[in-house]
Amino acid sequence: MTMTETATYSESDEIVLSAHDITVAFGDKVILDHLSLEIRRGEILGFVGASGAGKSVLLRTILGLNRKQSGMIRLFGVDVEETSDIERLKIDMRLGVLFQHGALFSALTVLENVQVPMREYLDLPRKLMDELALLKIELVGLPPDAAQKFPSELSGGMIKRAALARALALDPDIVFLDEPTSGLDPISAAEFDELVVKLRDTMDLTVYMVTHDLDSLFTACDRVAVLGNKKVLVEGTIEDMLKSEEPWVKSYFRGKRARQLDLASRAQP
Ligand SMILES: Nc1ncnc2c1ncn2[C@@H]1O[C@H](COP(=O)(O)OP(=O)(O)OP(=O)(O)O)[C@@H](O)[C@H]1O
């Protein structure tokens, strides 16, 4: 995909994730203040905001790993706090997560890493698990011989792909990617973005991507939400971001870094 194309997706009305009126505080430090956000099926949402704004906190709250002081998280239409344990387990199985620093277990091979969620949630014969894991490894564009390698034997780009294979292990409906291209060179990052778009197109996947990567926002994301002042400040298409007069959004999308990428010219009507 070129820099001038934006991703396309078939719009769906199904809201896969709804975070409504979310407040999170640690002690008396409020991080998220009555924040609301929705994501529809098949969409790639890019979630941006200054460092320390609370992007990871929101992600962890959505995943049920942080306590919240107010609000409701609905996944696939279900209020996650109002479900039985078994329903919650079924919902968890429909989520894939690639944490920013939680790459891979270093003592396990790639194949074994991909099998971690399978072992946790499914009871499958070893041979079948091997076959399924190999399929995921192929799906993310890794060569078959990567399966028996340890993370220390892989490049940064391969590690991200292996972590993505693990996030896809249970065929989730939505994947949460926390800065998936950070630390990658621009070419590897662009290839990773292309992979995410391809997976969305072929697997009807919904993608929630926390990112600082302007290239990813322009080439892979259908919609962008900006976190600021403890809320979603602005949300919309990349064109909406380029038109926004909100100071942080303006400097992020039309500032020096954006101009270096020759992106700011797109802000012209
Ligand atoms: N468990 C916790 N206890 C106390 N404070 C926390 C905790 N987790 C996060 N914070 C604070 O919440 C704020 C938001 O952190 P968060 O990691 O969500 O930022 P971020 O937007 O993801 O930043 P970055 O882009 O740098 O990853 C920070 O001030 C952080 O110190």
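**Notes on the predicted model**

1. Confidence first. Averaged over the protein chain, the pLDDT is 88, and 91% of the residues score at least 70. The stretch to treat separately is residues 1–8, where the pLDDT is below 50; beyond near neighbours in sequence, that stretch has 12 contacts in the model. Keep in mind that this is a predicted model throughout. For the complex, the predictor gives an ipTM of 0.97 and a pTM of 0.89.

2. Now the overall build. You'll find 10 helices and 10 strands in the protein chain. Its radius of gyration is 19 Å, close to the 18 Å that the globule rule gives for 269 residues, so the chain is as compact as a globular protein of that length. Along the principal axes, the C-alpha trace spans about 55 × 45 × 35 Å.

3. S6 runs parallel to strand S7 (residues 174–178), and four bridges join the two. To find the spot by residue, look for Val-97, which stands opposite Phe-176 in S7.

4. Next, follow strand S4 (residues 70–75), which pairs with two strands described here. With strand S1 (residues 15–26) the pairing is antiparallel, over five bridges, and Ser-18 has Arg-74 in S4 as its bridge partner. With strand S5 (residues 78–79), S4 is again antiparallel, over two bridges. Arg-74 turns up here too, with Asp-79 as its bridge partner in S5. The hairpin of S4 and S5 has two residues between the strands, and Phe-76 takes a positive phi near 55° there.

5. Last, the ligand. Which residues surround it? They are Phe-26, Ile-31, Gly-49, Ser-51, Gly-52, Ala-53, Gly-54, Lys-55, Ser-56 and Val-57. By class, that shell has four nonpolar, five polar and one charged residues. Helix H1 (residues 55–62) supplies the largest share of the shell, three residues.

Conventions: Residues numbered from 1 in each chain as written. Predicted model: local features only at pLDDT ≥ 70, side-chain atom pairs only at ≥ 80, totals over all residues. Pairing = 2+ DSSP bridges. pLDDT = per-residue confidence, 0-100. Contact = placed C-beta atoms within 7 Å. Near = placed C-beta within 6 Å. Nonpolar A, V, L, I, M, F, W, Y, C, P; charged D, E, K, R; others polar. Rg over C-alpha atoms; globule rule 2.2 N^0.38 Å.
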